[in-house]
Amino acid sequence: NDSSKQGKAYMDETTGAFVCDVAWPAQSQGKWLYPERMLKLPEESIDGANMIEFEVRGDEDKVENDYDGALLMVVHAGGDTAWLPYRAPTREWEIRRVPLQAAGVDHSKNATLLRLGVNPRGCTLKFEFRNVKVLRKKAK
(Lines give C-alpha, C1' and ligand atoms only; values in the text may rest on other atoms or scores of the structure.)
Protein backbone atom coordinates (compact mmCIF):
# COMPACT_ATOMS: atom_id res chain seq x y z
CA ASN A 1 0.00 0.00 0.00
CA ASP A 2 1.46 3.34 -1.02
CA SER A 3 0.50 6.70 -2.46
CA SER A 4 3.09 6.61 -5.26
CA LYS A 5 2.35 5.68 -8.84
CA GLN A 6 5.84 4.28 -9.45
CA GLY A 7 7.69 1.60 -7.59
CA LYS A 8 8.40 -2.01 -6.89
CA ALA A 9 8.45 -4.30 -3.89
CA TYR A 10 10.53 -7.45 -3.59
CA MET A 11 12.43 -9.77 -1.27
CA ASP A 12 16.19 -9.19 -1.30
CA GLU A 13 17.68 -12.64 -0.89
CA THR A 14 21.10 -11.18 -0.02
CA THR A 15 19.95 -9.13 2.99
CA GLY A 16 16.80 -11.11 3.82
CA ALA A 17 14.82 -7.87 3.69
CA PHE A 18 11.51 -6.89 2.18
CA VAL A 19 12.35 -3.88 0.00
CA CYS A 20 10.16 -1.12 -1.42
CA ASP A 21 11.66 1.23 -4.03
CA VAL A 22 9.14 3.99 -4.70
CA ALA A 23 8.98 7.46 -6.25
CA TRP A 24 6.55 10.37 -6.21
CA PRO A 25 6.26 13.43 -8.48
CA ALA A 26 8.24 16.43 -7.18
CA GLN A 27 5.23 18.42 -5.89
CA SER A 28 3.45 15.48 -4.21
CA GLN A 29 1.98 16.07 -0.77
CA GLY A 30 0.94 13.50 1.83
CA LYS A 31 3.30 10.74 0.69
CA TRP A 32 3.00 7.36 2.41
CA LEU A 33 4.22 3.78 2.12
CA TYR A 34 2.73 1.04 4.32
CA PRO A 35 3.26 -2.51 3.05
CA GLU A 36 0.84 -4.90 4.69
CA ARG A 37 0.72 -8.50 5.78
CA MET A 38 -2.53 -10.34 6.33
CA LEU A 39 -1.97 -12.62 9.32
CA LYS A 40 -2.58 -16.33 8.73
CA LEU A 41 -4.77 -17.15 11.69
CA PRO A 42 -4.57 -18.85 14.06
CA GLU A 43 -0.88 -19.76 13.55
CA GLU A 44 0.27 -16.13 13.15
CA SER A 45 -1.93 -14.68 15.89
CA ILE A 46 -0.25 -11.94 17.92
CA ASP A 47 -2.84 -12.10 20.75
CA GLY A 48 -1.13 -11.43 24.06
CA ALA A 49 2.14 -10.26 22.49
CA ASN A 50 4.02 -7.45 24.24
CA MET A 51 5.74 -5.92 21.23
CA ILE A 52 6.81 -6.27 17.62
CA GLU A 53 10.55 -6.05 16.91
CA PHE A 54 12.13 -5.52 13.48
CA GLU A 55 15.20 -4.19 11.73
CA VAL A 56 14.64 -1.25 9.41
CA ARG A 57 16.47 1.23 7.22
CA GLY A 58 15.34 3.87 4.76
CA ASP A 59 17.04 6.05 2.21
CA GLU A 60 15.37 9.12 0.72
CA ASP A 61 16.60 11.56 -1.90
CA LYS A 62 17.07 14.21 0.82
CA VAL A 63 20.24 14.83 2.80
CA GLU A 64 18.16 15.04 5.98
CA ASN A 65 16.50 11.64 5.30
CA ASP A 66 13.58 12.83 7.43
CA TYR A 67 10.01 11.61 7.68
CA ASP A 68 6.61 12.99 8.64
CA GLY A 69 5.83 9.72 10.40
CA ALA A 70 6.75 6.08 10.95
CA LEU A 71 4.03 3.68 12.09
CA LEU A 72 3.15 0.09 12.77
CA MET A 73 -0.57 -0.22 12.07
CA VAL A 74 -2.40 -3.10 13.72
CA VAL A 75 -5.75 -3.76 12.04
CA HIS A 76 -8.25 -5.68 14.16
CA ALA A 77 -11.20 -7.88 13.27
CA GLY A 78 -14.01 -5.41 12.60
CA GLY A 79 -11.64 -2.87 11.01
CA ASP A 80 -10.46 -0.78 13.98
CA THR A 81 -6.81 0.20 13.51
CA ALA A 82 -4.17 1.07 16.10
CA TRP A 83 -1.54 3.51 14.77
CA LEU A 84 1.61 2.83 16.80
CA PRO A 85 4.58 5.14 16.17
CA TYR A 86 8.22 4.10 16.07
CA ARG A 87 11.45 6.09 15.62
CA ALA A 88 11.90 6.77 11.90
CA PRO A 89 14.53 4.77 10.05
CA THR A 90 18.04 5.94 9.29
CA ARG A 91 20.23 4.86 6.39
CA GLU A 92 21.78 2.11 8.56
CA TRP A 93 20.12 -1.07 9.82
CA GLU A 94 18.68 -0.46 13.28
CA ILE A 95 16.34 -2.41 15.55
CA ARG A 96 12.97 -0.96 16.47
CA ARG A 97 10.56 -2.27 19.10
CA VAL A 98 6.91 -1.22 19.09
CA PRO A 99 4.93 -1.90 22.29
CA LEU A 100 1.51 -3.47 21.75
CA GLN A 101 0.37 -2.89 25.33
CA ALA A 102 -0.05 0.81 26.12
CA ALA A 103 -2.17 2.89 28.51
CA GLY A 104 -4.16 -0.18 29.52
CA VAL A 105 -5.03 -1.07 25.92
CA ASP A 106 -4.05 -4.42 24.38
CA HIS A 107 -3.43 -3.69 20.68
CA SER A 108 -2.47 -7.32 20.02
CA LYS A 109 -5.98 -8.68 20.60
CA ASN A 110 -7.87 -9.88 17.51
CA ALA A 111 -5.30 -8.49 15.04
CA THR A 112 -5.84 -9.62 11.45
CA LEU A 113 -3.37 -7.47 9.49
CA LEU A 114 -0.14 -5.53 10.08
CA ARG A 115 1.15 -2.52 8.13
CA LEU A 116 4.68 -1.23 8.64
CA GLY A 117 5.94 1.91 6.96
CA VAL A 118 6.65 5.59 6.77
CA ASN A 119 5.52 8.98 5.49
CA PRO A 120 8.61 10.29 3.65
CA ARG A 121 9.35 13.92 2.90
CA GLY A 122 11.55 13.13 -0.11
CA CYS A 123 10.40 12.09 -3.58
CA THR A 124 12.24 8.78 -3.81
CA LEU A 125 12.53 6.19 -1.09
CA LYS A 126 14.13 2.81 -0.59
CA PHE A 127 12.48 1.34 2.52
CA GLU A 128 13.65 -2.01 3.88
CA PHE A 129 12.73 -4.17 6.84
CA ARG A 130 13.62 -7.66 8.01
CA ASN A 131 13.67 -10.01 10.99
CA VAL A 132 10.18 -9.13 12.20
CA LYS A 133 9.56 -10.82 15.55
CA VAL A 134 6.59 -11.07 17.89
CA LEU A 135 7.85 -10.72 21.46
CA ARG A 136 5.92 -12.24 24.36
CA LYS A 137 6.57 -12.39 28.09
CA LYS A 138 8.07 -15.66 29.22
CA ALA A 139 5.66 -17.89 31.11
CA LYS A 140 6.47 -18.07 34.81
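In which sense do β4 and strand β7 pair, and over how many bridges? β4 and strand β7 (residues 94-99) pair in the antiparallel sense, over six bridges. The model is predicted, so that local features need pLDDT of at least 70 and side-chain atom pairs count only at pLDDT 80 or more, while totals for chains, interfaces and linings use all residues. Residues are numbered from 1 along each chain as its sequence is written, and side-chain values use heavy atoms, with hydrogens and water left out.

Strands here are DSSP runs (E, at least two residues), numbered from the N terminus, and two strands pair if DSSP finds at least two bridges between them. Within the pairing of β4 and β7, Glu55 stands opposite Ile95, and Phe54 has Arg96 in β7 as its bridge partner. β4 also pairs with strand β11 (residues 124-135), again in the antiparallel sense, over nine bridges. There, Glu60 stands opposite Leu125 of β11.

These pairings belong to an open sheet of five strands in the order β1-β2-β11-β4-β7, with antiparallel pairing. β1 (6-12) and β7 stand at the edges and have a single partner strand each, so one side of each is left without a neighbour in the sheet. From one strand to the next the twist averages 25°; axes for such angles are lines fitted to C-alpha atoms, and angles run from 0 to 180 degrees between N-to-C directions. Strand β4 (residues 51-60) is mostly covered, with seven of its ten residues buried. Buried means under 20% relative accessible area, exposed over 50%, and partly exposed in between (1.4 Å probe, protein chains only).

A further open sheet is formed by four strands in the order β3-β10-β5-β6, and the pairing is antiparallel. Its edges are β3 (36-38) and β6 (81-85), each with a single partner strand, so one side of each is left without a neighbour in the sheet. Neighbouring strands of this sheet are turned by 15° against each other on average, direction ignored. Strand β5 (residues 67-76) runs antiparallel to β6 and is joined to β6 by five bridges. Val74 has Ala82 in β6 as its bridge partner.

Next comes the packing of the side chains. A nonpolar core is a set of buried Ala, Val, Leu, Ile, Met, Phe, Trp, Tyr and Cys residues joined through side-chain atoms within 4.5 Å. The largest such core has 26 residues, and those that touch the most other members are Ile46, Leu72, Val74, Tyr86, Leu100, Leu125 and Phe127. The elements giving two or more residues to this core are β2 (17-23), β4, β5, β6, β10 (111-120) and β11. Leaving aside neighbours within four places in sequence, Leu125 is in contact (heavy atoms within 4.5 Å) with residues including Cys20, Val22, Trp24, Leu33, Tyr67 and Val118.

A pair of aromatic rings is described by the distance of the centres and the angle of the planes. Rings of Phe, Tyr and Trp (its six-membered ring) pair if their centres lie within 6.5 Å; planes under 30 degrees apart count as stacked, over 60 as edge-to-face and the rest as tilted. The count comes to three aromatic pairs by this rule. The centres of the Phe18 and Phe129 rings are 5.6 Å apart and their planes are at 50°, so the pair is tilted. Phe18 lies in strand β2 and Phe129 in strand β11, so this pair ties together parts that are 111 residues apart in sequence. Phe18 counts as partly exposed at 25% relative accessibility, whereas Phe129 is buried at 13%. Phe54 and Tyr86 form an edge-to-face pair, 5.1 Å centre to centre with 85° between the planes. Phe54 is in strand β4 and Tyr86 in the loop between β6 and β7, 32 residues apart; Phe54 and Tyr86 are both buried. Ring pairs also link Phe18, Phe127 and Phe129 into a cluster.

Some backbone details remain. A cis peptide bond, with omega about 10°, joins Leu41 and Pro42, and Pro42 has its place in the loop between β3 and β4. Asn131, in strand β11, has a phi near 50°, a positive value in a residue other than glycine.
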